Amino acid sequence: MLSVSHVSKRYGKVLANNDVSLEVRDGEIGVLLGPNGAGKSTLIKCIAGLLRFDGEILIDGRPNKSLEAKRALGYIPEIPAVYDLLTVWEHLEFIGRAYQDKDWETAGQALLERLELAPQRDKLGKELSKGMQQKLSICCALVHRPRVVIFDEPMVGLDPHAIKELKALFTELKAQGCTVLISTHMLDSVEDFWDVAHIMMHGAFAATRRNDPASLGEESLESLFFSITEGGRPQ
Amino acid sequence: MTALAYLVTTAWKNRVRELRRNPGKLVLVILFLALLVFVLLTPRMDPVPGEYRDRSELYALALALYGTMFLLTANQGFAAGGSFFTMSDVNLLFVSPLPPKTIMGYGLLRQLGTSLMVGAFLLFQYSWLNQLYGITPLELVWILLGYALCLFAGQLCAMTLYSRISGDDARRKAVKRVYGLVILALAAGLVLPSLLSGAPSLASLVASANAPWVRFIPVFGWIQAALMGTMEGAPLQVLAALAAMAAFIAAIIPFMLRSGDDFYEDVLQSAEVMTTAITAKKEGKMTEAVPRNVKKGRLGLGKGWGPSAFYHKHRVENRRARVFLLDAVSLIFIASTLFFVLIMKGTADTASEALIAGFAFATYMQMFSTAAGRWVKELLLPYVYLVPSPPFAKLLAICRENLEKVCLEAVLLFVIMGLLLGATPLQIAGCILARISFSLLFMAGNILTERLVGSLSSKVLVMFLYMLILLVVAAPGIVLAIVAGSLAGEALGFVAAMGVLTAWNLLAGLLIAFLCRNILNYAELNNK
């Protein structure tokens, strides 16, 4: 489970996140929606433990800076995090060893096959296209089998086939009982499988909806998004 | 106003406006100018009367600098090509109805300006150039102009080479072979006379570099000749050299443009390569000079568990980057230091004096080489922050590869330097230990800088503050070492000074590392 309580983050005078709270339960997919500069990536980085912040973030019930929380977290950054001089398989070996995970090989092999990276197993990071680097980045985040997975704009740079595969992966993670949080500005990429959606504007949540008629009513996620981001309708 | 004139003036106006909006950059520019004024005025406040060293040494140094920069820049023509143009130029100017020659002229002029800016570091060499060779500020400007002209001509050659050979691999290989042979022949022509003289020395190398035939070497030989003519009052030599340069540039541009219809395609390709590199840097993606064709060799890390996986990963990366024991940057630093020591050997009264000068120079160079370790690159990717291990253990693991490197570097550098200067084994050991301790202190200083000011957007300002922090942290040790050295007497003074220096550096370095042990808790130190 992922719990964010009253998180605020400042960059100098700019308030990037203003008293943000959210919760994504086990087996749920949460999405962070919002225009560019809304504060989505900042919040994702706070959850990943990369930024200092005010407030509290719990991953599987433990503070996000604790070693247990780090072990339970998988983070896929917006820019693929790949080492130029390691092969695809060595990336997974490195993560397996660094996370002290004895079963990394079985999980790694399955992931490479799942994301169709197995033919590139012995290719260097620098030899991969941007899309393949993104896939490798996803493998690195998942090889230690995290309970909570956060994606920062994961579709950017992927071809339609890879996007389809990634969507299938989201639902598989959900079926396994993982907590998934996806930050994106591509509404259509998440409309089929989200459980809870947070629309961000100016560093705060302008609306939160659960994917059920009681919460959403007759309105689609898309029309809600545009009514808020273009019309400034407070929710 | 024409479109290009508008582009140039508006870009400059916006740069100035940016300074007003960004106080950090403004402070940096003011500090830069203040430092420049200080460097230019210091020799006048403390003039050194008496004899200066022979200026033929200066001309030899200029030849080495100009030659290296020209050949290295031109060499880019065999790979990415290099370009005067950015992607904005390609996308906006190349498709516009502006005459291609006007666009080329704009690119050439802007490149000349960039080359001048790149050479600004030469201005900070005024102090020692003035002390050793008595050069004036105006003469320094000539040296700088020569440097800029070399870079400019090198870039032009790179573009020409690229546009002529990029589509034909056989031709590329053949031209590269010829290029290598020409460089070998030039090196042989410069070094062989000294070696064959029976007693190779700095003086004979300098004499080779000042031989009349050298002035006929295209580009860097001509520019050295022009510099020499300016300083020695030989206007005909200056005119002849500049005329040769003008003819060279006038001939090479049409040659490049005649290379076919695909000139713009070549420019587009090299601009794309350049833009990708710049974007990757802006995005904080790790980039490093890796060989074009990496030999993977044995696959797998094989070792490492927890934080030590970082160390074993670094070993695999070093092997693939063809870094065997020491990298190219370390070897260049060692070679420059030994060259400096050879010059100092002639001026110092005792071996200890020359050793101290060599040590000081090596330490100055070390400030820059420490900031280039693989551990710094590790801070740019998220893994080091995400891995579930104590931050201090991760910090030690990512620094381990660099620690091994600095120990080896220290032994290699000071054993050779000691043998050159006839130093005692105790003096050499003292230098090695003090060098290693400075490496630790500088690494700690680097960590402290990231901790205190790493989130600043201007990396140049961070570098400047890094230097300042290092000076402040190292200063007490240097003062204590001088005191200990003078108290211990002539026989043991050197060793005592090095001992005190080592002790201080270790103490301060470990204290800083301990205080910053939680640095890997947050990636914010890199503003990402």
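Here is a short tour of ring pairs, a ring cluster and charges over rings.

Before you click: this is a predicted model, where local features need pLDDT of at least 70, side-chain atom pairs count only at pLDDT 80 or more, and totals for chains, interfaces and linings use all residues. Residues are numbered from 1 along each chain as its sequence is written, chains are lettered from A and ligands numbered from 1 in the order written, and side-chain values use heavy atoms, leaving out hydrogens and water.

Searching the whole structure turns up 13 aromatic pairs over all chains. Rings of Phe, Tyr and Trp (its six-membered ring) pair if their centres lie within 6.5 Å; planes under 30 degrees apart are stacked, over 60 edge-to-face, the rest tilted.

Select A:Phe170 and A:Phe193 to start. Their ring centres are 5.4 Å apart with planes at 55°, so call this pair tilted. It links distant parts of chain A, 23 residues apart: A:Phe170 is in helix H6 (160-175), A:Phe193 in the loop between strands E8 (179-184) and E9 (196-201). Helices (H or I, at least four residues) and strands (E, at least two) are DSSP runs numbered from the N terminus. A:Phe170 is buried at 0% relative accessibility, and A:Phe193 is buried at 8%; buried means under 20% relative accessible area (1.4 Å probe, protein chains only).

Next, pick B:Phe438 and B:Phe442. This pair is tilted too, with centres 5.4 Å apart and planes at 50°. Both sit in helix H19 (425-453) of chain B, four residues apart, about one turn.

Now show A:Tyr83, A:Phe94, B:Phe310 and B:Tyr383, which ring pairs link into a cluster.

Last stop: the charged end of A:Arg121 sits over the A:Trp89 ring, 4.1 Å from its centre. Here "over" takes NZ of Lys or CZ of Arg within 6 Å of the ring centre and within 35 degrees of the ring normal.

Methods
Buried means under 20% relative accessible area, exposed over 50%, partly exposed in between (1.4 Å probe, protein chains only).
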